[in-house]
Amino acid sequence: MSTFTKTPGWLDWYAQPSKPQFKLPEGAVDAHCHVFGPGDEFPYAPERKYTPCDASKQQLYALRDHLGFARNVVVQATCHGADNRAMVDALVNSNGKARGVATVRRSVTDEELQAMHDAGVRGVRFNFVKRLVDFTPKDELLEIATRISKLGWHVVIYFEAVDLPELWDFFTALPTTIVVDHMGRPDVTQPVDGPEFELFLKFMREHENVWSKVSCPERLSVSGPPALDGERNAYRDVVPFARRVVEEFPDRVLWGTDWPHPNLKNHMPDDGLLVDFIPHIATTAELQRKLLVDNPMRLYWPEEV
Ligand SMILES: O=C(O)c1cc(C(=O)O)oc(=O)c1
């Protein structure tokens, strides 16, 4: 019996994903995924905003092999707060096939940062999505960004599109490469060439250190259809947004499954069908290779490039 009780209505990850029809290029990286616990081994943080089902490193790596990915980037999930043990444990048990993104507070010591670096951590995540985290003062975040820049790490930012204007000055003052989670969560019912998404494109256009994950169609989609029941052309309303970013910034985009998909409310995607979303947004072999291999390798395994 687990000590933890899942948030009511929690949707568990999809147990038997199909095999993707899209054949991932050799060496493809799932550049955004998480591990949850298991809670009995790596307890969820007291300050968490949700309690998930467990999703272990073994289950993550089985999914990697099933889908045809070669490597993972494991991003610290907010349900673990700034306790990075589950994520670091996943990295050190990956045979070098996983790198990570941590969450740290200003109290983190240089020794702790170095130990995380040795385990494979290459970035920190700053989260501005209010339903997921409590507010952290910007001076604390800037101090952390300055410290981790010395290790060659980058900053991953997660925010809602409506908050970009207010966060703009802070983001553009950061001294590292910046990676935006899930395209800054656009409202896909608005036009792709409307003012909200145009601001995001301008953010990337004017700042060459800004990258974007073109991930999470299952989270952003309003009209679907979902990646379920054999649907290989899912989340059509998200396609124009992701495709736009891939085509304008082919050397600064990443893709990830977002497994185990925390906080989805209306469906849980079949991850095999989710992989089949990729050729709709990266439509040539060259764009696919950059998105799935060249870009994540440059950012997370630069010593091998
Ligand atoms: O939108 C979300 O609920 C979500 C949550 C987390 C997390 O809790 O870390 O990570 C994500 O990439 C997305």
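Is glutamate 166 buried or exposed? In this predicted model, glutamate 166 is exposed, with a relative accessible area of 54%, a value that falls in the exposed class because that class begins over 50%.

Across the structure, 26 salt bridges are found, and one of them joins the side chains of glutamate 166 and lysine 138, with a nitrogen-to-oxygen distance of 3.5 Å. Since glutamate 166 belongs to helix H5 (residues 164-172) and lysine 138 to helix H4 (residues 138-149), the pair ties together parts that are 28 residues apart in sequence. Lysine 138, at 27% relative accessibility, counts as partly exposed.

A further salt bridge is formed between glutamate 248 and arginine 205, whose closest N and O atoms are 2.6 Å apart. This pair likewise links distant parts of the chain, with glutamate 248 in helix H8 (residues 239-248) and arginine 205 in helix H6 (residues 195-206), 43 residues apart. Both partners are partly exposed, glutamate 248 with a relative accessible area of 30% and arginine 205 with one of 37%.

Within helix H8, glutamate 247 and arginine 243 are four residues apart and are therefore separated by about one helical turn; their side chains meet in a salt bridge of 3.3 Å, N to O. Glutamate 247 is partly exposed at 42% relative accessible area, and arginine 243 is partly exposed at 34%.

Technical notes:
Residues numbered from 1 in each chain as written. Predicted model: local features only at pLDDT ≥ 70, side-chain atom pairs only at ≥ 80, totals over all residues. Heavy atoms only, no water. Salt bridge = Lys/Arg side-chain N within 4 Å of Asp/Glu carboxyl O. Helix = DSSP H or I, 4+ residues; strand = E, 2+ residues; numbered from the N terminus. Buried < 20%, exposed > 50% of the residue type's maximum accessible area, 1.4 Å probe, protein only.
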